Amino acid sequence: MKKYLFLPVFLFALVANAQIDSTLLKRIPVDTSSTQTMNMDAVYNRPFLQIGNLPASIGGYVEADYQYMGQDGITEGHSFRIPRFTLFVASSIHRKIKFLSEIELEEGGKQISIEFAALDLNFHPLLNLRGGVVMNPIGAFNQNHDGPKWEFVDRPIAMTEMLAATWSNVGFGLYGKYYSKAWAFGYEAYLTNGFDNSIISNNQNKTFLPAAKENALRFEESSNGQPLFTGKIAVRNNKVGEIGLSYMGGIYNRFEEDGLVLDAKRHLDVVAVDFNTTISATKTYLVGEWAWVMVDVPETYSQQFGERQKGGFVDIVQPILRGKLAGFDKAVFSLACRLEYVDWNVGRFEETGGNISDDLWAVVPTISFRPVSQTVIRLNYRYMQQQDILGNPPAKIGGVQFGLSSYF
Amino acid sequence: MKKLILILLVCLAFACENIIPELPAENEILDGPLKGLNTSEQAQFLAGDFAFNDEVFSSGVGLGPTFVATSCGSCHAGDGKGHPFTTLTRFGQTAPNTPPNLHIGGPQLQNRAIPGYTPEILPEGTPFMKLTPPAVTGLGFLSALTDEQILTNADPYDLDGDGISGVPNYVNPPAYFVPQRFHQDAHGRYIGRFGKKAAAIDLHHQTVSAYNQDMGITSTFEPVDPFSGLAVDPEVSDQTIRDVVFYLRTLKAPIQRSQNDQQIIQGKTLFSQIQCGDCHTSEWTTLTSDIVALSNKTFFPYTDLLLHDMGTGLDDGVTEGSAETFEWRTPPLWGLGLSPNSQGGSYFLMHDGRASTIEEAILQHGGEANTSRTKFESLSAEDKTALIRFLESL
């Protein structure tokens with residue numbers, strides 16, 4: 001039986017091999033020459049693979065990891081995950097019109113989502129129109145979230161669970177950049193569909209912006225007919241780094257239906273500041289982000305759902321070995337550490353005047369190895385303490401995470 | 001390079017054993033199962049644990065529309081005593097053996113509402129009592145006692161002349177109540193043993209009521225929505241309720257700490273000498289139970305499960321079942337010292353959290369506890385400290 005199977009497989013391999021001409025494949029590398037690349041460029045500044053003269057190019061990245069975590073002496077044991085497998089397709093329709101889509105399969109396909117699928121029309125460097133499924137530019141992580149760019153297995157909690165990264169929506173907007181010597185200035189402004197009641201009515205028992213991601217209908221229609229505004233301005237100096245200030249806000253709840261009033265209009269406001277810089281003397285890379293969330297929660301609802309949240313992270317990455325390592329010409333060994341904090345509920349109890357806790361902090365020391373710039377192998381140790389709303393003794397969570405992530 | 005990789009691998013291999021934060025000492029936490037459960041009982045314990053601590057209700061899955069809390073765990077963090085954030089307000093019944101006046105919104109105030117709805121408001125001038133949620137550990141032992149055992153401590157006419165009576169709360173059972181062999185029918189009513197006034201006969205009664213009155217969650221057992229007053233589809237399954245009841249029955253009993261400390265031993269002696277133990281009965285032994293781990297076990301809850309006159313200072317003018325407005329069930333004292341670990345670092349003691357220290361709580365005892373309180377007041381500072389250290393060790 002085996003020899004009969006061998007023949008068609010062998011013939012198929014010959015044919016298949018004949019169809020591949022590696023000279024037709026052209027790798028479009030990440031633009032590392034420009035020092036004026038900003039976070040807002042991250043969506044296009046990715047490695048792509050182009051086939052011949054086709055106007056489309058493809059790319060993507062994959063993340064896989066192992067973890068051994070536990071809480072207060074209890075562990076779930078060893079676990080292997082494939083948290084993300086993402087595909088990009090980009091094409092140039094005209095020298096001033098381009099399209100890019102990003103489709104993400106989370107946890108082996110458990111959730112498939114369009115994170116980005118937008119058409120960009122360039123009228124002037126300061127005036128570009130973008131429409132489609134866009135990533136709301138709140139903070140920097142939402143735009144610059146690709147796994148291979150980071151030295152850590154997990155994404156920062158404040159930026160993914162408080163700010164809902166990767167938060168994308170259907171809408172339109174304008175963006176542009178202006179350069180002057182060592183300086184770059186960028187802006188973005190979008191109107192998109194927004195959040196919904198689930199941010200204060202969910203199974204997380206807290207104000208939780210990512211709950212709105214569960215609503216797939218947001219790509220079809222707004223939950224309340226009110227646009228969500230997201231805007232960002234950022235400044236970059238080649239020698240200093242980049243700082244961004246962003247805002248996202250709008251009415252989040254379904255306040256009427258069929259002309260009948262269901263509730264008051266309730267507003268959501270998010271402000272974020274982000275930065276990144278490299279200390280030239282030591283080549284230490286610092287990146288961080290901090291955000292504040294303000295939600296109009298009905299007074300007669302529960303303080304379980306906070307009106308204010310705050311949180312952020314800072315990553316410190318110190319390359320310690322560069323050069324030819326293990327057969328890779330430009331490999332980099334780095335030590336890094338992430339510090340992160342989230343307060344899910346900023347406020348005081350009406351009943352006692354005491355502080356509402358519901359917060360967490362984490363320290364994540366890391367060793368990472370980049371054989372090439374687009375691939376990273378990382379070994380993290382995570383230690384985290386998490387307090388409940390009452391401020392009772394915290395749950396202590398810790399463990400190791402090992403993972404790899406690469407563009408392809 | 002090779003050395004570096006080798007070191008990392010060795011570190012990783014050894015790290016796995018030591019990287020998980022330590023398990024707290026068993027006597028420092030209230031949650032956890034009874035020892036001796038079999039595998040199927042442990043599986044049901046886990047199902048109940050999930051429903052009790054992790055299942056959160058939102059408007060999409062039945063919460064409210066008016067409610068007090070969004071999950072069982074919101075009121076009983078770590079299975080311990082609750083915080084004023086989830087204080088319950090009961091009203092409607094102002095005399096023993098009278099109806100709970102459902103038409104004015106009783107028996108419990110739902111002081112919160114999902115967006116777009118208005119919470120219930122206490123009718124003006126209506127007496128009410130506030131109740132801090134109790135700890136739920138060790139309840140299986142209390143539920144395994146027989147009515148006959150409870151009645152051995154009852155002395156409604158104070159025949160022994162010690163100034164302490166002790167009466168059971170006779171409660172009209174809900175329609176779904178199924179008497180067990182250890183329940184005694186008293187003209188259609190049964191002895192309540194759970195709740196601050198002992199108004200719940202068993203943990204099933206307590207659980208169904210809490211889903212309904214605390215979260216606005218209906219079930220086949222209690223299908224009437226407290227907001228509309230109308231029967232609606234069940235919002236929690238029978239199985240989930242049974243899992244939660246099983247979880248409550250099989251939570252371990254709190255474990256005393258530093259039992260051999262001389263000062264704590266002295267405090268324990270004083271506790272008996274000043275007659276605290278006349279109501280806070282220290283030791284009980286269960287008979288045979290359907291759960292082997294609860295059968296024939298001696299345990300130390302420091303309660304007699306009976307109602308006592310606690311004086312005018314603790315009379316809120318409202319009641320449940322056959323209890324007088326000034327009568328309260330003796331609360332179990334086990335786990336008392338761990339209360340701040342579930343109450344946000346502070347004590348909120350007595351039925352409504354009005355006492356912020358154990359001493360304050362003792363001094364608020366009146367009625368049948370007057371003698372004990374007076375004796376406590378006359379203790380030396382050293383003896384008071386010993387007594388309080390003993391109570392903290394429970």
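This is a predicted model: local features need pLDDT of at least 70, side-chain atom pairs count only at pLDDT 80 or more; totals for chains, interfaces and linings use all residues.
## Where the two chains meet

Chain B brings 36 residues to the contact and chain A brings 39, where two residues count as in contact if their C-beta atoms, placed from the backbone, lie within 7 Å. On the side of chain B that touches chain A, helix 1 (2-18) and strand 3 (112-113) are the elements giving two or more residues. Helix 1 of chain B has the largest share, with four residues. Helices (H or I, at least four residues) and strands (E, at least two) are DSSP runs, numbered from the N terminus.

By type, this side of chain B splits into 18 nonpolar, 16 polar and two charged residues. Here Ala, Val, Leu, Ile, Met, Phe, Trp, Tyr, Cys and Pro are nonpolar, Asp, Glu, Lys and Arg are charged, and the others, Gly among them, are polar.

Residues are numbered from 1 along each chain as its sequence is written, while chains are lettered from A and ligands numbered from 1 in the order in which they are written.

The model scores ipTM 0.91 and pTM 0.90. Chain B averages a pLDDT (the predictor's confidence in each residue, from 0 to 100) of 94, and 95% of its residues score at least 70.

## Chain B overall

Chain B has 11 helices and 10 strands. Its C-alpha trace spans about 85 × 60 × 40 Å along the principal axes. Buried residues make up 49% of its 394 residues; buried means that 20 or more other C-beta atoms lie within 10 Å of a residue's own, exposed means 12 or fewer, and partly exposed is in between, with C-beta atoms placed from the backbone.

Most residues other than glycine have a negative phi, and most peptide bonds are trans. Still, a cis peptide bond joins Gly106(B) and Pro107(B), with omega about 5°, and Pro107(B) sits in the loop between strand 2 (88-91) and strand 3 of chain B. Another cis bond links Ala165(A) to Thr166(A), with omega about 0°.

Tyr302(B) has a positive phi, near 60°, in the loop between strand 8 (298-299) and strand 9 (307-309) of chain B. Tyr302(B) is buried, because 22 other C-beta atoms lie within 10 Å. Asp72(A) also has a positive phi, near 45°, but Asp72(A) is partly exposed, with 17 other C-beta atoms within 10 Å.
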